[in-house]
Amino acid sequence: MSTVIAFSGGCYSGKTTTIGVVKKALENAGYEVATLNELIRVATSQPIDELRKNPSEYLKLQEKIIREKIEQENKAFEDKSDKVYLIDRAITDSLFYLQNYVDKSTLTEEEMVRYCELHKTVISHAKKAFSQFGYNVILEFVPIKGACIDDKYRPKHITHSKEYEHDAISILNFNFMYRNVTSASIFRINLNIDTANGVATKLLHMMP
């Protein structure tokens, strides 16, 4: 059976960097590794702040990347091989961005119907992802201290809002973790103290 490891948390917490280090360590140890990258970075070239100014277009983007993410995760969950999947962002991260950054006050009735249907789909998938049929390990990253490096896929205010993002996603992870029957393990990762190599070593010790 495949092993699925989700890297969860707000912007600027070291998830993507750590995935690269973990992938290399696992491959060096003889594991076959597949990475499911953060889809927004290939779905658009526009800065995130500009996208969010148009709720209709931002909803369309969320529909596209969330449905693709769910499809990718389902294939990983159903894989009967020994492959290890590293997922950049858990489905709870997607739920947070859908709930918090789509301005529902300006949506048309038809758009609101689509939003609600997408929200239901995400909730349903999150229940599966946090069950015995989903993630094996969830790594929840806390924000890195200090000013954030400029990145058009992060909002300009992320230096101030990164703690809020982490707290909100953490609450969602806790909710789904403890409301569902799951054999998954969840670990809090703090790269202000730990290192990406340390995370990789911890995971290697957990692997079958």
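Is Cys-116 buried, partly exposed or exposed? Cys-116 has 35% relative accessibility and therefore counts as partly exposed; buried means under 20% relative accessible area, exposed over 50%, and partly exposed in between, with a 1.4 Å probe and protein chains only.

The model is predicted: local features need pLDDT of at least 70, side-chain atom pairs count only at pLDDT 80 or more, and totals for chains, interfaces and linings use all residues. Residues are numbered from 1 along each chain as its sequence is written, and side-chain values use heavy atoms, with hydrogens and water left out.

**Cysteines**

- Cys-11 has 8% relative accessibility, so it counts as buried.
- The structure holds zero disulfides, a disulfide being a pair of cysteine sulfur atoms within 2.5 Å.

**The sheet**

- Five strands form an open sheet in the order 2-3-1-4-5, with parallel pairing. Strands (E, at least two residues) and helices (H or I, at least four) are DSSP runs, numbered from the N terminus; two strands pair if DSSP finds at least two bridges between them.
- Strand 2 (33-36) and strand 5 (185-189) are at the edges, and each has a single partner strand, so one side of each lacks a neighbour in the sheet.
- On average, neighbouring strands of this sheet are turned by 20° against each other, direction ignored. Axes are lines fitted to C-alpha atoms, for helices over the stretch in contact, and angles run from 0 to 180 degrees between N-to-C directions.

**Strand 1**

- Strand 1 (residues 3-8) pairs with strand 3 (residues 84-88) in the parallel sense over five bridges. Thr-3 stands opposite Val-84 in strand 3, and Phe-7 stands opposite Asp-88 in strand 3.
- Strand 1 also pairs with strand 4 in the parallel sense, over four bridges. Here Ile-5 stands opposite Val-137 in strand 4.
- In a regular strand, side chains alternate between the two faces of the sheet.
- Six of the six residues of strand 1 are buried.

**Helices 5 and 7**

- Helix 7 (residues 158-179) lies across strand 1, strand 4 (137-141) and strand 5, and runs at about 160° to strand 4.
- The axes of helix 5 (residues 91-101) and helix 7 come within 9 Å and cross at roughly 125°. That angle makes helix 5 oblique to helix 7; angles under 35 degrees count as roughly parallel, over 145 as roughly antiparallel, 65 to 115 as roughly perpendicular, and the rest as oblique.
- Residues of helix 5, including Leu-95, Phe-96 and Tyr-101, meet residues of helix 7, including Ala-168, Ile-169 and Phe-176. Contact means heavy atoms within 4.5 Å.
- Nine of the 11 residues of helix 5 are buried, among them Ile-91, Ser-94 and Leu-98.
- The buried residues of helix 5 pack against strand 1, helix 1 (15-28), helix 3 (48-52), helix 4 (55-78), helix 6 (109-129) and helix 7.

**Ile-40**

- Ile-40 lies in helix 2 (residues 40-43) and is buried, with a relative accessible area of 9%.
- Ile-40 and Glu-73 are 33 residues apart in sequence and, C-alpha to C-alpha, 15 Å apart in space.
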